[in-house]
Amino acid sequence: MKKRRDEPEAFSISFLDVITCGFGAIILLLMIAKTGTSEVLEAVPTYLTGMVRDLQTQLFEIRGEARVLNRELTAKQEQVSEWKERVARLQAELGSTRKRSEALQQDASVNTIISGELELAVQRMSEDMKRLAAQDRSVDSTLVGGIPVDSEYIIFIIDTSGSMQQLNWNRMIQTLTTTLDIYPQVKGLQIMSDMGDYMFSQYRRKWVPDTPGRRRAIVNLMRNWAPFSNSSPVEGITEAIRHFYDPNKKISIYVFGDDFTGSSISTVVDTVNRLNPKDENGRPQIRIHAVGFPMPANAPVRAQQANRRFAALMREISRQNEGTLVGLN
């Protein structure tokens, strides 16, 4: 039979727990009570701090310079765009000038013929006058090329529309010059657009003195004169008659144009007859002549119709106002 052990053990489990906890508490107190400074593993040199500050300063300066350069680049790009637009406009003007030059060269021969015919008519005028006077004493002897030139005051109404500017402008200037040459000296003249705008604003609704210098100025200014036009001579004719009608003056109006876009021809004719009444002999106070310029054969149908309507309008106005319509081919 096994012998029972009743003797107490020298160290029990509870005693070991108490001893362990005591040692742990002592170690914890030692750790808390430690007041020494931490050891620096590696010190950062002071000169590196200065380098970082310098680099930051340089970075800010570079960013500022970059913004300035970006603004300058934007300004240069805008300037380049403006120059490109200007070059495009100049190229367009150059093309237009070349076209006008070509048209002038093409029309040179025609204008030479017209000038020659007018000069020939002037040379033969005296002989024709004598011959016609022998046949009929009542025939007017003041005709040149079929146009009466007995007026002392003349008004030119010029169509400044795009078709005239592009197709007939140089020819119109030469025709204007030739017409002025028919009148060596007049008491007054005036230049108006088909809208009634005056070339010389200081002489608005007043007669322009006729001098050689003034005639040269008219031709020179006409080369670049381009006021707005609605392709209808009605406004210019009515403005001229309303403000220059004078029963004591011999006045002629010359209308240069190539189209009429108004709605009614008869209405215009009636308006002109009302503004330019006949005297007791049935003659109007103001003569109205017209020079019709051609439209190219390849022009749009609408332009061809407007050209024919201008001819029809001015034919009737000239007929009823003792004028002459000259159609150029």
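Mentor: With burial: a residue is buried under 20% relative accessible area, exposed over 50%, and partly exposed in between, using a 1.4 Å probe and protein chains only. Helices (H or I, at least four residues) and strands (E, at least two) are DSSP runs, numbered from the N terminus. This is a predicted model, in which local features need pLDDT of at least 70 and side-chain atom pairs count only at pLDDT 80 or more, while totals for chains, interfaces and linings use all residues. Residues are numbered from 1 along each chain as its sequence is written, and side-chain values use heavy atoms, leaving out hydrogens and water.

Trainee: How many helices and strands does the protein chain have?

Mentor: The protein chain has 7 helices and 7 strands. Their order along the sequence is α-α-β-β-β-α-β-α-α-β-α-β-α-β. Of its 329 residues, 33% are buried.

Trainee: Which strands are joined to S3 by bridges?

Mentor: Two strands pair if DSSP finds at least two bridges between them. S3 and S4 (residues 188-193) run parallel and are joined by 6 bridges. Across that pairing, Ile-155 is opposite Gln-190. S5 (residues 251-257) also runs parallel to S3, with 6 bridges. There, Ile-157 is opposite Val-255.

Trainee: What unit do S3, H3 and S4 make?

Mentor: A crossover is right-handed if, with the strands pointing away from the viewer, the path from the first strand over the helix to the second runs clockwise. S3, H3 and S4 form a β-α-β unit of the right-handed kind.

Trainee: Is Thr-175 buried or exposed?

Mentor: Thr-175 belongs to H3, which spans residues 162-182. Its relative accessibility is 12%, so Thr-175 counts as buried. A contact means heavy atoms within 4.5 Å. Leaving aside residues up to four places away in sequence, Thr-175 touches Phe-256, Val-291, Phe-293 and Leu-328. For the protein chain, 82% of the contacts with a separation of 6 or more are between residues 24 or more positions apart.

Trainee: Which residues make the nonpolar surface patch?

Mentor: Patches are made of residues with over 30% relative accessible area and no salt bridge; like charges are joined within 9 Å, and nonpolar side chains (Val, Leu, Ile, Met, Phe, Trp, Tyr) within 5 Å. A salt bridge is a side-chain nitrogen of Lys or Arg within 4 Å of a carboxyl oxygen of Asp or Glu. Accessible areas come from the Shrake-Rupley method with a 1.4 Å probe; for residues, only the protein chains shown count as cover. Here Phe-15, Leu-16, Ile-19, Phe-23, Ile-26 and Leu-30 make a nonpolar patch of about 600 Å². Phe-23 is in H1 (residues 13-33), and its relative accessibility of 56% is why Phe-23 counts as exposed.
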